[in-house]
Amino acid sequence: MGTGDGVRRTSLMETLLGLLRIRIKRGVNLAVRDVRSSDPYVVVKMGKQKLKTRVIKKDVNPEWNEDLTLSITDPNVPITLTVYDHDLFSKDDRMGDAEFDIKTYIEALKMNLDSLPTGTIISRVMPSRHNCLSEQSCVVWKEGKVVQDLVLRLRNVECGELEIQLQWIDLPGSKGL
């Protein structure tokens, strides 16, 4: 079994652009799925990757402030967030979902921004029928990093929003941007 068989396995590092750290900050006015409240948690999905936050008991305005990290190989794949209500005895109820893409964010990462003052807004994404934003989202140069805050309106549910923040982690040895 030499390497002369013409089949070359590409390692993850060769296709990896870097890591996207998604800080799931909080949920606002989430739907009530138990008697008076809900026990929400968030599932983040991108392609085959799936991550989840911890459950916060009896809170429709939960503060997770939890970082979930995705490996990014294709920036065109949308990221889906789904909020669930944790139930002990039955299947967890869905409490809405939202989708966002990172194309604008990735474009900003490719720019040479080192000379900019911290707090400079690089680009803005406006809410539209084609995204889940409930207000404009800014990509900002902050203390040497490109950061994007998003407020996402949940779909397929009567109410609720999620506040998240994106941050990029360059990995030495990866393909990079």
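**Figure 1. Asp-97 and its salt-bridge partners.** Asp-97 is a buried residue, with a relative accessible area of 5%, in a model that is predicted. The side chain of Asp-97 meets that of Arg-94 in a salt bridge, with a distance of 3.4 Å from N to O. Arg-94, for its part, is partly exposed, and its relative accessible area is 46%. Through salt bridges that share partners, Arg-94, Asp-97 and Arg-155 are joined into one network.

**Figure 2. The salt bridge between Arg-54 and Glu-66.** In this view the side chains of Arg-54 and Glu-66 come together in a salt bridge, with 2.8 Å from N to O. Because Arg-54 lies in the loop between β3 (49-52) and β4 (63-72) while Glu-66 belongs to strand β4, the pair ties together parts that are 12 residues apart in sequence. Arg-54 counts as partly exposed at 42% relative accessibility, whereas Glu-66, at 17% relative accessibility, counts as buried.

**Figure 3. The salt bridge between Arg-33 and Glu-158.** Here Arg-33 pairs with Glu-158 in a salt bridge whose closest N and O atoms are 3.0 Å apart. Arg-33 is counted as partly exposed, having a relative accessibility of 27%, and Glu-158 is exposed, with a relative accessible area of 55%.

**Figure 4. The chain around the close-up views.** The protein chain contains two helices and 10 strands, and read along the sequence these elements follow the pattern α-β-β-β-β-β-β-α-β-β-β-β. Along its principal axes, the C-alpha trace of the protein chain spans about 60 × 50 × 30 Å. Of the 177 residues in the protein chain, 43% are buried, and the chain exposes about 10300 Å², of which carbon and sulfur atoms supply 49%. Among contacts between residues at least 6 apart in sequence, 57% join residues that are at least 24 apart.

**Figure 5. Charges and salt bridges across the structure.** Side chains of opposite charge can pair when their charged atoms come close. A search of the whole structure finds seven salt bridges, including the one between Arg-33 and Glu-158 and the one between Arg-54 and Glu-66.

Notes:
Residues are numbered from 1 along each chain as its sequence is written. This is a predicted model: local features need pLDDT of at least 70, side-chain atom pairs count only at pLDDT 80 or more; totals for chains, interfaces and linings use all residues. Side-chain values use heavy atoms; hydrogens and water are left out. Helices (H or I, at least four residues) and strands (E, at least two) are DSSP runs, numbered from the N terminus. Buried means under 20% relative accessible area, exposed over 50%, partly exposed in between (1.4 Å probe, protein chains only). Contact means heavy atoms within 4.5 Å. Accessible areas come from the Shrake-Rupley method with a 1.4 Å probe; for residues, only the protein chains shown count as cover. A salt bridge is a side-chain nitrogen of Lys or Arg within 4 Å of a carboxyl oxygen of Asp or Glu.
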